[in-house]
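This report covers aromatic contacts and charges placed over rings. The sequence and model are shown first.

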Amino acid sequence: MIALVLAIVTFLPMTALAEPVIDSSALKAQSTRTAPLTIDEVLARIELSHPLLRAMGAERAKARAKILKALAAWEPTFVNHTMTERYQTWNLTTAPKIQDGLTAGFVDTTLEVGHPWGFRVASGLRTGFGDGTNQGFVAFPPEMLGFHHTQQFYLGGSFHLLRGLMVNDENAQFQQAELAGPQAEIKVAQKRQDLYLAGAVQYWDWQVAVKQAEMVKRALAVAEERLVQVEGLAKGGRVAPLDVIEVNQEVQKRREAAIAAQRKVEYEQYKLSLFLWENGEPVTPRPEWAPEFQGETPLPTNEEVAANKVAAKEDRPEVRDLYIEAKLNNIDIKLAKNKLLPTLDLEGGPTPGAADWIVGIGYRVGLHAEMPLFQREARGKVMAAEVSQQQLALKQHYTEQQVSFDVDNWLSAQVRARDRVTAGTEALRLAKTLEEGERRRFNMGASTVLFVNLRERAVVESAYQLYRAQADYAVARGGMLWAKGALSKPWPTESLAKYGDPLTAAGLNGYKQPGRD
């Protein structure tokens, strides 16, 4: 019976540990690399070439386009206007040499220029043509004579004297368009901050998965060695055949755990590859690139925590964006209050009729006044803008408190993770001590395979908990940088230069200069 059991155990199918699944289209690993992958390199590669950061950088070009569009309201414009008409002049003049029928006209070439303060000026040259222009019996006005006796210069313009003076729709749109540049920088900073934090979290998750897989594989190797040992003891009759089956069962469980751990490594490395770009392709990190966990660092002092809160209220994109919104709303308030003034516009220029050229250029001057009786539209706009201002003040107060809370939250995470690392280190040491003692007892015949397996499983679990605590501690340190707004700024140039050209970094994509020609 014993021989039959041993034969069954010997010929049981042994499933080999699955090899890593390699997708050649996605795996762009550097096969010759031996240096570990550091968090500094991860963040530097995000800044250098991440597509989402480059896409957000295009917001700068959009801001430039908004400014150019707003500037078009006062763009110098050439206008050419031609008019010709025929007149019966027998009622207009009794000059004997002027024919009864007369065809006359003019060509106006005008340059019109606007100004943000709300006035427009125009200057041009009028050239007359038609019957009698080359005959001596038609007189031409001598004022502002042009290059020919049929040409004359003229001036014109319009001015807002009350409503629209310095504060008007076009000027407000331009001022708001100028704020699109700072808004674009804030959007880039927000995307950089989110990518940095997400990349750091993914980096540590990948490192935990690699370390866990290594621990599980070592436990599998120990179980396989024990299987060989127990099989030898069973052949000599020193242990029961059921012990061989139990050891083999443990091997299969650990092999299944190793396969699952390998799948976890592949999953985490593919996710991490989306933060590592080179030549337009993601780079898949290899398990051997995973470094050891760094040691603990001193916790921030109370003075540093207070300084971090101040920095958070100044550097966090969420707070900076509210400042821009407040400036935009102030422009709306000024424009709305300006609309409470009555309209009083002054306008002047040459008259447009073709007959004026025959009898001489005529000028017009007009004053237009208008005021709604109840000012409902203007009062409604003022009310809406002031309510928005109150909402922004409350939102700003909440956001400033929120970023202060983020600093406290990540400090708490860092402290608790450090305590977990301390406790986890001691727990792992004790688990290894128990494992070693239980293994000695088993070799002396004073213990069973079951207790040895339990001790080894406890070591694996303690090691995983320690790795997780060390990763959480590293994430908490990065979270503190995120909370105070440090991750919203570009990574240091000296680090970027190690992995690419800082001048072509994704975070610099787009136009940074104002949108003026």
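Rings of Phe, Tyr and Trp, the last taken by its six-membered ring, form a pair if their centres lie within 6.5 Å, and planes under 30 degrees apart count as stacked. The model examined here is predicted. By the pairing rule it holds seven aromatic pairs. Two of these pairs are listed below.

| Pair | Centre to centre | Angle between planes | Class |
|---|---|---|---|
| Trp204 and Phe293 | 6.0 Å | 20° | stacked |
| Phe293 and Tyr467 | 5.9 Å | 20° | stacked |

Trp204 belongs to helix 6 (residues 180-235), while Phe293 sits in the loop between strand 6 (281-282) and helix 8 (302-315). The two residues are 89 apart in sequence, so their pair ties together separate parts of the chain. Both Trp204 and Phe293 are buried.

Phe293 also pairs with Tyr467, a residue of helix 12 (residues 449-483). Tyr467 is buried, as is Phe293.

Which residues make up the aromatic cluster that contains Phe293? Tyr203, Trp204, Trp206, Phe293 and Tyr467 form one cluster.

Charges over rings are a separate topic. Arg126 lies over the face of Tyr154, at 5.9 Å from the ring centre. Arg316 is placed over the face of Trp482, and here the distance to the ring centre is 4.2 Å.

Conventions: Residues numbered from 1 in each chain as written. Predicted model: local features only at pLDDT ≥ 70, side-chain atom pairs only at ≥ 80, totals over all residues. Heavy atoms only, no water. Phe/Tyr/Trp six-rings, centres within 6.5 Å; stacked < 30°, edge-to-face > 60°. Helix = DSSP H or I, 4+ residues; strand = E, 2+ residues; numbered from the N terminus. Buried < 20%, exposed > 50% of the residue type's maximum accessible area, 1.4 Å probe, protein only. Lys NZ or Arg CZ within 6 Å of the ring centre and 35° of its normal.
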